[in-house]
Amino acid sequence: MTMSSVNRAPRPSGLADVLDVVLDKGIVIDAYIRVSLVGIELLTIDARIVIASVDTYLRFAEAVNRLDIQPQDQVAGLPGLMREMTQGGAKSKTKGALTGAKESVQGALSGLTGRDKDEDDEDGGERQESRSAPASRRAPQRS
Amino acid sequence: MVLVHGVLWERDAAVITLPGEVRTVNAGPLVALVSDAPEREMTGDDAVAHLDLLVAAVTEAPVLPFALGTAVPDDEAAREEVLLPDADGLARRLEAVADVVELRLDLTFDTDASVAAIAREDPDVHRLVERARGPRAGLAERLALGEATAMRVAEHQAALAEEWTEGLLAVAEQAVLLHSDEQLRRTAYLVRRDRIDDADAAVERLRARAQGLAEIEYVGPLPVFSFLDDLSSSPEPEPRSKWGW
């Protein structure tokens, strides 16, 4: 097999993507007492958190809002919105909206997974380097 | 402790250049690739080394990847408890992966470009923008706008991805979507070894079409991590959708 001139990498360059390839994948031998699975130090990927869908929606809303009209006072940014969410007057309405959003996103975006907690990657934290989606997880091979 | 990385045919082991720390354990026609487990806890470097070894092997010959961290006390246990008990099953699986490899394609969309296209063209989003900017608008209106935009972005990107990857899908035996979010779509393709050049050509065409709209990461050949179940569950797999779902 020869490597063509196409820009094809032999393996993913980043550790997160390497782990995405090898973690929980491959043939598992578990029927014999002397065969075991050694755990890997997972600090790098345990640092991920699942960002609530609400945050995704708010980011999209702001992205659209920024586009064609001058930003208005009400475009508060996430910290401002969080303050709004915790203010007593807005509580009941907010709760309803959040619940609805969560429910709908579970149906619509069931593949949504993790996102780097630390925001210092080169894309400014925008790129989601994540483990494989739960829905696509394959059961380990059994021998 | 000894780590077992993968299994291949004994006749193929000779053609693969193994790193110094990796050795082979034979049992009949099968060979396990093993190395001494680190004294410390396994780290990301061990995962990289595991994958590098399997990639080096699959470039030359079929290999069955073992789960990262598969450990036995010594080489003899690798032979007695990994290779011998299911030698026929491993041989059947090796046969099943003989002519195929996995290629992966990541499409990382420029979300700003998607949002801009939607904001220009979608009347529903226009209406929701106006609502979200109204004097009495609050979080609910912003969420409605964001949800609608997110849905349109997902649809827009899925449509582009389908269009762009049509050629690659035609080359592949199977494909499976591994991950999809508002920015990244990661797909694994099962491709015959003798069609890798065709896949490369399809990706080159894809790359040209996606320019300015998405970044492409194209990786392989990998062992068939994403298709092991499909390839080795039964000798005669049932016909199924090319997309595997």
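This is a predicted model: local features need pLDDT of at least 70, side-chain atom pairs count only at pLDDT 80 or more; totals for chains, interfaces and linings use all residues.
The axes of α5 (residues 111-121 of chain B) and α7 (residues 139-164 of chain B) cross at roughly 110 degrees and come within 9 Å. On the α5(B) side the contact involves Thr111(B), Ser114(B), Val115(B), Ala117(B) and Ile118(B), which meet Thr149(B), Arg152(B), Val153(B), His156(B) and Gln157(B) of α7(B). By class, this contact comprises 4 nonpolar, 5 polar and 1 charged residues.

Helix α1 of chain A (residues 15-22) packs with helix α2 of chain B (residues 44-60) at an angle of about 60 degrees, the axes being 10 Å apart. This angle makes α1(A) oblique to α2(B). The crossing of α1(A) and α2(B) is left-handed. From α1(A), Leu15(A), Val18(A), Leu19(A), Val21(A) and Val22(A) meet Gly44(B), Ala47(B), Val48(B), His50(B) and Leu51(B) of α2(B). The contact of α1(A) with α2(B) contains 8 nonpolar and 2 polar residues, with no charged residue.

Confidence was also examined for chain A. The average pLDDT of chain A is 53, and 28% of the residues score at least 70. Over residues 43-52 of chain A, pLDDT stays under 50, and the model has 20 contacts beyond four places in sequence for this stretch.

Key. Residues are numbered from 1 along each chain as its sequence is written. Chains are lettered from A and ligands numbered from 1 in the order in which they are written. Axes are lines fitted to C-alpha atoms, for helices over the stretch in contact, and angles run from 0 to 180 degrees between N-to-C directions. Helices (H or I, at least four residues) and strands (E, at least two) are DSSP runs, numbered from the N terminus. Angles under 35 degrees count as roughly parallel, over 145 as roughly antiparallel, 65 to 115 as roughly perpendicular and the rest as oblique. A crossing is left-handed if the near helix is turned anticlockwise from the far one by less than a right angle, and right-handed if clockwise. Two residues are in contact if their C-beta atoms, placed from the backbone, lie within 7 Å. Ala, Val, Leu, Ile, Met, Phe, Trp, Tyr, Cys and Pro count as nonpolar, Asp, Glu, Lys and Arg as charged, and the others, Gly among them, as polar. pLDDT is the predictor's confidence in each residue, from 0 to 100.
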